[in-house]
Amino acid sequence: MELIQSFSVDHMRIVPGIFTSRVDHLGEYSVTTYDIRLKRPNREPAIDVLAMHSLEHMIATFLRNDPDWKDEVIYWGPMGCLTGFYLILKGNRAPRELYDLLLRSFKSVEGFEEVPGTTPENCGYYRMHNLEMAKWYAREFVAYLEKNRENEEIYAYPRTERLVTEEGKHFYDS
């Protein structure tokens, strides 16, 4: 079985940032999955589940209402490891081109007085939210982005090199 592309990222060296995870070409169209990483995997605690859920709701709402980007957004959702989010957009832009959008998205969290879509009819687990913790994580990521805007490390994945045997088997240790 082939190793999927996201497993070739060196998770011991990745820092919070905005990364291109994969580009899919669908005929004449492209769809790009971005890794919006808020935490350093395996070195920082994962994001609180309730806060992650709230961030998902608030930022998805912001992105799907942004007049310049709403028609480009296909998906915004949490990573299973709870260290960041995936953003899927139409087209293929460099991660740096998303900086302002993501900075505005995370800044917008501060203005929410309640998490949108938190009724039993709108959400699969409507009680699993924490607005104040979500605001804390958003402020932390905003400060990080502002401090690191010109740092190339927040836009380029650190890759691992995987040895392949003559039989085509991969060694998975980094």
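These legends go with a handful of close-ups of the predicted model.

Some ground rules: residue numbers start at 1 along each chain as its sequence is written. Since this is a predicted model, local features need pLDDT of at least 70 and side-chain atom pairs count only at pLDDT 80 or more, while totals for chains, interfaces and linings use all residues; side-chain values use heavy atoms, with hydrogens and water left out.

**View 1. The chain as a whole has three helices and four strands.** Helices (H or I, at least four residues) and strands (E, at least two) are DSSP runs, numbered from the N terminus. Reading from that end, the order is β-β-α-β-β-α-α. The chain has 174 residues, and 44% of them count as buried (buried is under 20% relative accessible area, exposed over 50%, partly exposed in between, with a 1.4 Å probe and protein chains only). Take the contacts with a separation of 6 or more: 66% of them come from residues 24 or more positions apart. Contact here means heavy atoms within 4.5 Å.

**View 2. Phe19 and Tyr157 make a stacked pair.** Searching the whole structure turns up five aromatic pairs. The ring centres of Phe19 and Tyr157 sit 5.0 Å apart with the planes at 10°, so this pair is stacked. For the cut-offs, rings of Phe, Tyr and Trp (its six-membered ring) pair if their centres lie within 6.5 Å, and planes under 30 degrees apart are stacked, over 60 edge-to-face and the rest tilted. Phe19 belongs to strand 1 (residues 17–26) and Tyr157 to the segment after helix 3 (131–148), so the pair ties together parts 138 residues apart in sequence. Phe19 is buried at 1% relative accessibility, and Tyr157 is buried too, at 13%.

View 3. Trp76 comes from strand 3 (residues 73–78) and Phe106 from helix 2 (residues 99–108), so parts 30 residues apart in sequence are tied together. Trp76 is buried at a relative accessible area of 2%, and Phe106 is buried at 1%. Zoom out a bit and there's one aromatic cluster made of Trp76, Phe85, Phe106 and Phe141.

**View 4. Helix 2 packs against helix 3.** Their axes are 9 Å apart, at an angle of about 150°. Axes are lines fitted to C-alpha atoms, for helices over the stretch in contact, and angles run from 0 to 180 degrees between N-to-C directions. The two helices are therefore roughly antiparallel (over 145 degrees; under 35 is roughly parallel, 65 to 115 roughly perpendicular and the rest oblique). Helix 2 contributes Tyr99, Leu103, Phe106 and Lys107 to the contact, and helix 3 contributes Ala138, Phe141, Val142, Leu145 and Glu146.

**View 5. Helix 2 is mostly covered.** Seven of its ten residues are buried: Tyr99, Leu101, Leu102, Leu103, Ser105, Phe106 and Ser108. What do the buried residues of helix 2 pack against? The partners are strand 1, strand 2 (29–37), helix 1 (49–63), strand 3, strand 4 (84–90) and helix 3.

**View 6. Met133 sits in helix 3.** Met133 is partly exposed, with a relative accessible area of 30%. The C-alpha atoms of Met133 and Val49 are 9.9 Å apart, though 84 residues separate the two along the chain.
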